[in-house]
Structure formats: structure tokens, C-alpha cells
Amino acid sequence: MRSARLGDGLSVSAIGLGAMGMSAYYGPTDETEAIATLRHALDLGVTFIDTAEAYGPFENEKLIARAIGDRRDELTIATKASAEMDDDGTILGRNGTPEYIRRAAERSLRHLGMEVIDLYYLHRVDPQVPIEESVGGLAELVREGKVRHIGLSEASAPTLRRAQAVHPIAAVQSEFSLFARDMLRNDEKATADELGIGVVAFSPLGRGTLTDGIRSLDDLSPDDARRTLPRFQPQAFAANRALVDRVEEIAREHDATVAQIALAWVMAEGVVPIPGTRHRARLDENAAAAGILLTEAERERLRSALPDGEIVGSRDGIDAPAGVDR
């Protein structure tokens, strides 16, 4: 597995692993297979593992602790201070105060069984707290040795500039895929590049649409949270799934899968994808995408094959204009 460089001197595997679905949101889970998948990731060199206190809540961090055992030194763990939660998981709402960020970080350290978090994100910007205060709280954790690098998730370009003025930001994490190219239109990617901030893409496979695993809504379990999203409503899903056929043409030319081409496109844009999976076979498929190099002509062909105007529905039901944090 080749490596990729984020900001603030942080180097990670070119493809990471989003662990969220191993504990929450996507229907029934299998802990035995999840642990095997996490350990297999390390064997493949996929050493950038993404989690958050919200996933479970707390259960995903605990799962990772059980899975990695004595292999802590082999991986880079990213977790997040999410919406404020009591220790029993009761969600109280966004809280970007330094006091809550500290409490959340110390709780995550306990759940992960670690002495330091490699990359610690503010999961969402709190509109009631100046970003300078939130980043100041994150920076204090770095000074104390509890966190190595800090990041933001779904932050706007103006917020990135204000944050970077307080402390080096290693990464901004946002949804980014052939089906979600907002970062290219709203200056977030360009601003991150200018400031030397790495970009990490969650849902780089369109929440599963850019794979052969979800060809119809019947492939989702009844309690899968994606069923509530605009792009997974019947008419929208059918229209968007039809667009995937265009990606299959390029995939065949590379003797690759749709998922591999979609991930290769994200990497070619200078972004580190963290596709989520709960199964070793899918992990093998995703990791192999690191060996696919697309030409500029192929990248443009993919952009043209999935024009923004033909993608039906918003990605998550949130309509945030450029310059506004999600």
C-alpha cells in the first residue's frame, strides 16, 4: 500500500478504512467479521482507521480497541469529538467548547485503550462557538500529548482559514465522491490545498451506490439508515444507479470494479478516501484501487459521465451554501 501525505506532517495509507458501519447505521453487524476485517486491514497496509465517539455511540471505538490488540504501533487512528453526549449516550447537541472537546477526547482515549489519538477531529463546527476557541481547545490537547494532529469535518473554506491561523490543521474530512463533488465547487478543496491541509473523503463510494453491492433498494436491510436519505428514495436511487453504468465502461477497460475506479478517481483528485466496509472481501477490493492510476482524460471522462445536473437528490438532506459549515 502506498502512502499519502495530509497536513502538519501526517503521513497515512493512501486508502483508509471507515469503521462506522461495523457498529451502527447499516443494519445487523457481525463483531467477529468486523474484528477480522480490521486486523486484515493492517496486514494489507491499510493503516488509517477512522472512527468517532458517535458511532454506537462509543461502541465503535471499543471495537477497535478489541481488534487491534498489540498492533497499536502499526496504525493511525482518527476519531472525533461529536455532538455532546452524556456517558450513557444521550445526545445533547453540538458543543464545540474547549471543555467538552477535552472531556470527549479523554473519554475516547479510555474507550480506545490508547495514550494518544493520532488525528482528532471536531466532528461538526458548533455555530455558537467561534472556531478559534474550538481549535484552541484541540491545540491544547496537542500540547499535552493527548493528541498528535487535529482536523475538522465538513468545515467551510472561511472556517478552514480561521482555524489554520490558530494551529496547523492536518485534515478536513468531508463527503467526496463522483456523486458528491461539492468541495470542488465551493472552494473547500482549493482552500485546503492552498493552506497545506489534507483532505479525507468519507463515503467515497456514494454510500454504496458506486459499488456492485447495492443494485436495488432490496439490498438494504429494513433498518439501514440510508433508506432515509434523499438519494435512496426509489425514484432518485433508480436514476442515480443508472449513472453507475457509465462508470462500468471505464472499469471494464481497467479490468477493475466500479468501486475501484471510483476510489481511484478520488485519489487522483489528491484526496485520501476512507471507504467503509465490514467484510474482508470488500476490503481487498477497495485496497487494490491504490494500484490504479487514471489519466487526466479518464478523470475528465468520469466527471462528464456523471454530470452534477443529472445526479438526483441531495447527499444527506442538508442544504448548506458555499461558505457555510454543514
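Reply: Setting aside residues up to four places away in sequence, Thr-51 touches Asn-60, Glu-61, Ile-64, Ala-78, Thr-79 and Lys-80, where contact means heavy atoms within 4.5 Å. The model is predicted, so local features need pLDDT of at least 70 and side-chain atom pairs count only at pLDDT 80 or more, while totals for chains, interfaces and linings use all residues. Residues are numbered from 1 along each chain as its sequence is written, and side-chain values use heavy atoms, with hydrogens and water left out.

Thr-51 lies in the loop between β4 (48-50) and α2; helices (H or I, at least four residues) and strands (E, at least two) are DSSP runs numbered from the N terminus. The relative accessible area of Thr-51 is 0%, so this residue is buried (under 20%; exposed is over 50% and partly exposed in between, with a 1.4 Å probe and protein chains only). Met-20 is 31 residues away along the chain, yet its C-alpha atom is 5.9 Å from that of Thr-51.

Glu-61 is also touched by His-111, whose other contacts beyond four places in sequence are Phe-58, Lys-62 and Ala-65. His-111 belongs to helix α3 (residues 98-112) and is buried, with a relative accessible area of 17%.

On the packing of α2 (residues 59-68), its partner is helix α1 (residues 31-44), at an angle of about 65° and with the axes 9 Å apart. Axes are lines fitted to C-alpha atoms, for helices over the stretch in contact, and angles run from 0 to 180 degrees between N-to-C directions. The crossing of α1 over α2 is right-handed, that is, the near helix is turned clockwise from the far one by less than a right angle. From α1, Glu-31, Ala-34, Ile-35, Leu-38 and Arg-39 meet Leu-63, Ile-64, Arg-66, Ala-67 and Ile-68 of α2. This contact has 7 nonpolar, no polar and 3 charged residues (Ala, Val, Leu, Ile, Met, Phe, Trp, Tyr, Cys and Pro count as nonpolar, Asp, Glu, Lys and Arg as charged, and the others, Gly among them, as polar).
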